[in-house]
Amino acid sequence: MSGPFDTDPLNARALADLHAARLRLVANHVPAWIALYEAGSYRCLFANRGYAEAFGLTEQSIVGKTFGDIVGAEALAAVQPAVDRVVREQVSVIYERELPPGGGAPRFIEVHLSPHFDDHGTLLGCCVLVNDITRHRLAEQRVRESEARLAKFLDASAEGIVFHKDGVITDANPSLCALTGYALDELLGRNILEFLMPDEVPKVREVMLAGRETRYETCARHRDGSPLPVEVIVRTLERSGEKQRMSIVRDIRDRLDSEARIQHLALHDSLTGLLNRAAFMERMAALVERASRDGEMLALLFIDLDNFKRVNDSLGHLEGDQVLVTVAERLSFALRDSDLVGRFGGDEFVVLLTDLSSREDAKVVLQALLSVVEVPVRADGRALSVTPSIGVAFYPDDGRHADELIQHADAAMYRAKARGRATYQFFEPALAETAYADLVLEAELVQALTRDEFELFFQPQVDATTGRLSGAEALLRWRHPQRGLLGPDHFIAVAERHPLMHDLGGWVLRQAALTARRWREQGLADVRIAVNLSSMQFQLDGFIDTVREVLSDTGARGEWLELELTERMLVDDIEHAPQTLAALRSLGLSVSMDDFGTGYTSLAHLTELPVDKLKIDQSFVARLPADRGAQAITRAIVQMATGLGLDVTAEGVRTNEQWQLLSGWGCGQLQGELIGPPMPAATFEAWARTR
Ligand code: C2E
Ligand code: MG
Ligand code: MG
């Protein structure tokens, strides 16, 4: 049996060949290029296939060629110093070089030159071992490039970026420095947590420990100590050969600002900046709860502005808005910070006074508000003043819940208005009943018109000297399905707070016009029908048009109608009243001033206002003849009116004595139970026929 290590001399030659073949086999399978050069001559003694082919040669053809022939002059020059060192210093040398581009991608090699000696230390040759390191080089290059790219990106990013390892800052970009106010060297090596507002530390520490890739909001601390709300996006990434945490830090002050603005808008009235209804109710509920816990007393003020509608109508919305803003400012100014102020819309404001020890405390504030919240305005050259009417409900006496307090303060506010404005009114239980009854009534009134439950009654007016029928006053009645026949005192005041009054007033005018026409067609009575107006109708811009429309629709003539206005209505609208009256008269209608003597019309006004007639209020007539004061006043009114060329009618005449007195003073017309009560149309027509 012969094996590879046999040493039979007969086979020595074959054995040498076998060794050479094995050497070549191994050499050709090593993933490196190998060559052996002879010292002195630099001739190649041996090369494996890889080495030979790298230079375009074969294992056979390369042998005997010199190093310079094989690598070329250029490469020889480049590696000569390394070769010289091996020869001179007899040490191994390693160098790297790039192979000259052979058309393909660049290749890099690492070359080991190892000297080879005989037993006496004489240099025989040099072993060359070449490794292809192209892959490593390219990988390194990619890392270097990506580092450079990251550095560029960090520099250019508008967002703050900070790197840290276990919380210790290793790098940060210029934007982060700008955002936080710190220079880079003030950050490096310090813990991230040192740069947070103290409250935020536990939360952020938890995020860091969890090590997740996440997003959260926190509050950093600027170098100047101020809080800096930020959004943080955390990523883990490899950098410089180790895992690091990268945090992108985004300034969210702007976003929080706009969120706060949106929040503000949602809670505040955009015109005045006061709390809106929803926000006021919410805060009030909380304060009521606190008051109930602490046994505190609260006062809710419901404020409605007097004359505001007139300012808005005559001066326009811009001016109206200005008044509201002024009122809001003054309210806020007069109150303490702990009090709540809100606007419920229109000219309605609400105030919640906290920390009261008695009702007297509230009175002091109310007096202050009344004197402070008076806004003088000039409307059409005339001085007007916008004043508050205030209703007040106390917690806990007048209500235990926010809603109830608002409702009761509102009811009290209406009473304050009725009492002559620019005043305040504390809530009383009786008001709640009225307020509730009013609500019910209002709902019923809305239906009454469509259900045809209204009816006009007519009360005759006669000539004081002849006793002949000279006119009729149309008086509104409501045939209420449950409560029976109701006079206007039961519902007019409620209707006037509601747009319904427009329709109702229009209905009355139309009915009166139709009746006037029927009476003429039937040859019954050629007298004017007097119609009572509500201030709401009279102050309406399109009122004249409505009158014109009613006349043309019903075929009635203006001369057949008379309109009754109260002093208050005329004085409240003194700017427009003269024109409106003139326009009505040009349509043929006559105008009388109702309930004269109860208001405060100055004589000067009387001369300015083109009215045709005064109606002396029945309260004067009722005191005749016994009351000497009433006598004097009534006589003076009659004389003054006739002196101004006005007709005079006395209302509420009940006795013959009254009739005699009044006609004696020159009063032209009489109306009252003595002559006839208000009657349904059919009854009135029958009554008129018998006269
Ligand atoms: P007014 O215009 O002063 O009407 C006269 C009121 O005196 C009527 O009350 C009438 O019934 C009452 N009266 C007449 N003669 C006598 C009498 O001898 N003694 C007494 N004690 N009273 C007498 P009425 O019908 O209850 O109307 C009350 C008020 O309601 C009216 O006062 C008027 O201001 C208002 N009104 C009536 N109808 C209408 C209407 O259609 N529209 C508007 N806006 N108001 C109306
Ligand atoms: Mg009247
Ligand atoms: Mg009257």
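Which residue takes a positive phi in the hairpin of β6 and β7? The answer is part of the first view of this predicted model.

**View 1. The hairpin of β6 and β7****.** Strand β6 covers residues 160–165 and strand β7 covers residues 168–172. The two strands run antiparallel and are joined by four bridges. K165 has V168, in β7, as its bridge partner. Two residues lie between the strands of this hairpin, and D166 is the residue with a positive phi, near 50°.

**View 2. The magnesium ion (ligand 3) and its protein donors****.** Along the chain, the donors follow the spacing D-D-x55-E.

**View 3. The magnesium ions ligand 3 and ligand 2, with D594****.** The magnesium ion (ligand 3) is 4.0 Å from the magnesium ion (ligand 2). D594 coordinates both ions. Buried or exposed: which word applies to D594? D594 counts as buried because its relative accessibility is 6%, and buried means under 20%. D595 has a relative accessibility of 26%, so D595 counts as partly exposed.

**View 4. A nonpolar surface patch made by L25, V26 and V30****.** The patch formed by these residues has an area of about 250 Å². L25 belongs to helix α1, which spans residues 12–29. L25 counts as exposed because its relative accessible area is 53%, and exposed means over 50%.

Notes: Residues numbered from 1 in each chain as written. Chains lettered and ligands numbered in written order. Predicted model: local features only at pLDDT ≥ 70, side-chain atom pairs only at ≥ 80, totals over all residues. Heavy atoms only, no water. Pairing = 2+ DSSP bridges. Donors = N, O, S within 2.8 Å, 3.2 Å for Na, K, Ca; no water. Buried < 20%, exposed > 50% of the residue type's maximum accessible area, 1.4 Å probe, protein only. Patch = residues over 30% accessible without salt bridge, like charges linked within 9 Å, V, L, I, M, F, W, Y side chains within 5 Å. Areas by Shrake-Rupley, 256 points an atom, 1.4 Å probe, with all protein chains shown as cover. Salt bridge = Lys/Arg side-chain N within 4 Å of Asp/Glu carboxyl O.
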